[in-house]
Every structure is written in structure tokens, then in C-alpha cells.
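Hello,

Here is the structure I promised to pass on to you.

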Amino acid sequence: MTEKSQSAEPQGVQVRRLFKNYESAGAAVSILRELELEIQPGEAVCITGPSGSGKSTLLYLISSLDRPDAGEVHLLGTDILALSEKEQTQFRNRHIGFVFQDHDLLPQLSVVENVLLPAIAGEGVTTETEQLAEKLLTRVGLQDRLKSLPAQLSGGERQRVAVCRALINKPELILADEPTGNLDPATAKVIGDLLLELSREQNTMLLCVTHSVELADRFPRHLVLEDGKLIAASNALQTTAKS
Ligand SMILES: Nc1ncnc2c1ncn2[C@@H]1O[C@H](COP(=O)(O)OP(=O)(O)OP(=O)(O)O)[C@@H](O)[C@H]1O
Ligand SMILES: [Mg+2]
């Protein structure tokens with residue numbers, strides 16, 4: 001297991017003056033405009049906002065899966081836009097865990113193999129990572145399902161596997177895009193609890209996008225993506241109240 005970097009650079013997330021446009025019918029449509037975001041080490045932040053406001057786009061830009069038109073993204077003291085594609089892939093695998101709404105588990109692999117995938121792609125599976133996979137799956141109540149295939153699990157159980165997979169490489173940052181979408185309220189609460197508790201236990205930064213007010217309310221910091229920028233949820237509510 002690698003040591004966490006001890007560099008003197010800021011260790012959180014710094015997003016500066018981020019711009020992103022998409023082409024639509026031959027014209028550029030502006031999605032993110034001069035967006036600023038700062039996340040402190042260990043901090044949990046939630047983003048809500050209307051459908052199409054650019055929340056998923058922002059997560060892709062922060063993870064270097066997509067490139068902005070302008071702006072800077074610094075993760076753990078690293079300017080990720082200055083890295084080569086190969087270095088970006090390595091950086092993502094080592095430092096970032098993803099939880100997506102459709103959890104994209106590989107159907108032919110068992111539960112425990114799915115959880116171990118980022119380790120396989122990274123520094124290889126060791127006894128330590130195998131033990132961690134079992135510990136995480138036990139933590140989410142799936143200790144008897146290690147050998148099951150994803151198709152044999154419920155949607156909520158699959159989502160729990162996806163949370164474990166996001167944590168297996170002990171990432172400094174978890175990006176979660178609608179992790180409780182399509183789940184019933186009770187299961188959604190379990191997944192929200194898990195993300196918040198595990199990120200707190202592992203001192204991991206958590207950036208979560210959701211349409212769920214219940215989930216957003218449980219985060220210490222709640223931002224709203226509006227008109228291409230992030231604003232504090234309290235200010236967004238005032239804006240809505242005025243209009
Ligand atoms: N690859 C792309 N090419 C063109 N337009 C895109 C592309 N990806 C996203 N968009 C557009 O950018 C806007 C923001 O999309 P994004 O998926 O980030 O929204 P979102 O806030 O995550 O929405 P939702 O809450 O529905 O998931 C949308 O209008 C979308 O159609
Ligand atoms: Mg989205």
C-alpha cells in the first residue's frame with residue numbers, strides 16, 4: 001500500500017474558473033461557467049441542481065475523464081490537466097473511487113471479484129486487499145454473498161457492492177453520481193449512511209451528486225449547481241424564495 005503523499009501542496013480539491021461547453025446543433029452551449037470549488041481533506045460535500053445543469057459533467061472533469069475548455073483542477077496537490085492520459089488513469093485508479101447510479105458491475109465476476117477490480121487494475125491483489133474486500137462487504141451486510149454474481153443481487157445490494165469497490169484502493173476522494181437513484185427510501189438511506197460513515201472512518205473526501213433532498217440534508221456542506229456555478233444551498237433557497 002502506498003503512503004499518502006506528504007507534499008506541502010494543498011491536499012484537497014481545488015477547482016478554479018472552470019468552463020465547459022458542449023456542441024449542440026452546431027452551436028456551443030455553455031454548461032459550466034467560471035465554476036469554483038474547494039474541498040478540504042476529509043470533507044463531505046453534496047451537490048444538487050436541476051437535471052441538465054452539469055453535475056455529472058463536473059464529476060467527469062474533476063476525475064479527468066473529460067477535459068474542460070478552460071480552468072484548473074488540482075487534486076491532492078496535483079495539476080491533473082498537466083498529466084498524460086496514462087498518468088491520469090493511474091492517478092484515478094490510485095486516488096479516486098467512483099460510485100455511479102448504474103453501478104456498472106461486471107456481470108461475469110462475483111461480488112468479491114468486482115470489489116477487487118480496482119486493485120487488480122492497480123497494484124495487484126494482496127492478502128491485505130482481499131481481507132479489506134471481505135471486511136468492507138461484511139460492513140455492508142454482504143458477507144454471505146461474496147461468491148454471488150451481480151444478477152443474483154437486488155439493486156440495493158449491487159449498489160452496496162459498488163460502494164465497497166469505490167473504497168478498495170483507500171482513495172482520498174470518492175465521487176458519487178446519484179448513488180441512491182432508483183432505490184427505495186429505506187435502501188437509499190442505507191447507501192447514504194454507508195458513504196458518509198465509511199468516508200468519515202477512512203478520512204476520505206466525498207463529493208456526492210444527488211436529486212434526493214433527504215440525502216443532501218445529511219451532508220455537512222450542500223451546494224447547488226445553478227447557471228454554471230456552485231452556490232451554497234442556503235443562498236439558492238433564498239434565490240428561489242425571491243423569484
Ligand atoms: N457528450 C456530450 N455532448 C453534448 N452535450 C452533452 C454531453 N454530455 C452532457 N451534455 C449536455 O450537458 C448538459 C449537462 O449534462 P449533465 O449530464 O452534466 O447534467 P446533470 O446535471 O448531471 O443532469 P441529471 O441531473 O439529469 O443527471 C446537458 O444539457 C447535456 O445534454
Ligand atoms: Mg447527471
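Let me begin with one glycine. Leaving out residues up to four places away in sequence, Gly71 touches Arg16, Arg17, Leu18 and Leu81. Is Gly71 buried, exposed or partly exposed? Its relative accessibility is 31%, so Gly71 counts as partly exposed.

Before going further, please keep in mind that this is a predicted model. The average pLDDT of the chain is 89, and 92% of the residues score at least 70. The stretch to be careful with is residues 1-7, where pLDDT stays under 50. For that stretch the model has 8 contacts beyond four places in sequence. Where pLDDT is low, the predicted coordinates should not be read in detail.

Now back to one of the residues that Gly71 touches, Arg17. Arg17 is part of strand S1, which covers residues 13-24. Its phi is near 45 degrees, a positive value in a residue that is not glycine. Most residues other than glycine have a negative phi. Arg17 has a relative accessibility of 41% and therefore counts as partly exposed.

Ser64 also has a positive phi, of about 65 degrees, without being a glycine. You will find Ser64 in the loop between H1 and strand S4 (70-75). With a relative accessible area of 10%, Ser64 is buried, because buried means under 20%.

Next, the ligand. Which residues are around ligand 1? They are Tyr22, Ile31, Pro50, Ser51, Gly52, Ser53, Gly54, Lys55, Ser56, Thr57, Glu178 and His211. By type, this shell divides into 3 nonpolar, 7 polar and 2 charged residues. Helix H1, residues 55-62, gives the most to the shell, with 3 residues.

- Ser51: a polar side-chain atom is 2.5 Å from an oxygen atom of ligand 1.
- Gly52: a backbone N or O atom is 2.8 Å from an oxygen atom of ligand 1.
- Ser53: a backbone N or O atom is 3.2 Å from an oxygen atom of ligand 1.

On its own, ligand 1 has 640 Å² of accessible area, and the protein covers 57% of this.

Leu207 sits in strand S8 (residues 205-209). Its relative accessibility is 0%, so Leu207 counts as buried. Apart from neighbours within four places in sequence, Leu207 is in contact with Leu37, Ile39, Val45, Ile47, Leu59, Ile62, Ile174, Leu175 and Ala176. Leu149 is 58 residues from Leu207 in sequence, and their C-alpha atoms are 28 Å apart in space.

Asp227, on the other hand, is exposed, because its relative accessible area is 62% and exposed means over 50%. Asp227 has its place in the loop between strand S9 (221-226) and strand S10 (229-232). Asp227 and Asn21 are 206 residues apart along the chain, and 13 Å separates their C-alpha atoms.

Enjoy exploring, and write back with any questions.

Best wishes

Note on methods. Residues numbered from 1 in each chain as written. Chains lettered and ligands numbered in written order. Predicted model: local features only at pLDDT ≥ 70, side-chain atom pairs only at ≥ 80, totals over all residues. Heavy atoms only, no water. Near = heavy atom within 4 Å. Polar contact = N/O pair within 3.5 Å; in protein donor to acceptor, adjacent residues only side chain to side chain. Areas by Shrake-Rupley, 256 points an atom, 1.4 Å probe, with all protein chains shown as cover. Helix = DSSP H or I, 4+ residues; strand = E, 2+ residues; numbered from the N terminus. Nonpolar A, V, L, I, M, F, W, Y, C, P; charged D, E, K, R; others polar. Buried < 20%, exposed > 50% of the residue type's maximum accessible area, 1.4 Å probe, protein only. Contact = heavy atoms within 4.5 Å. pLDDT = per-residue confidence, 0-100.
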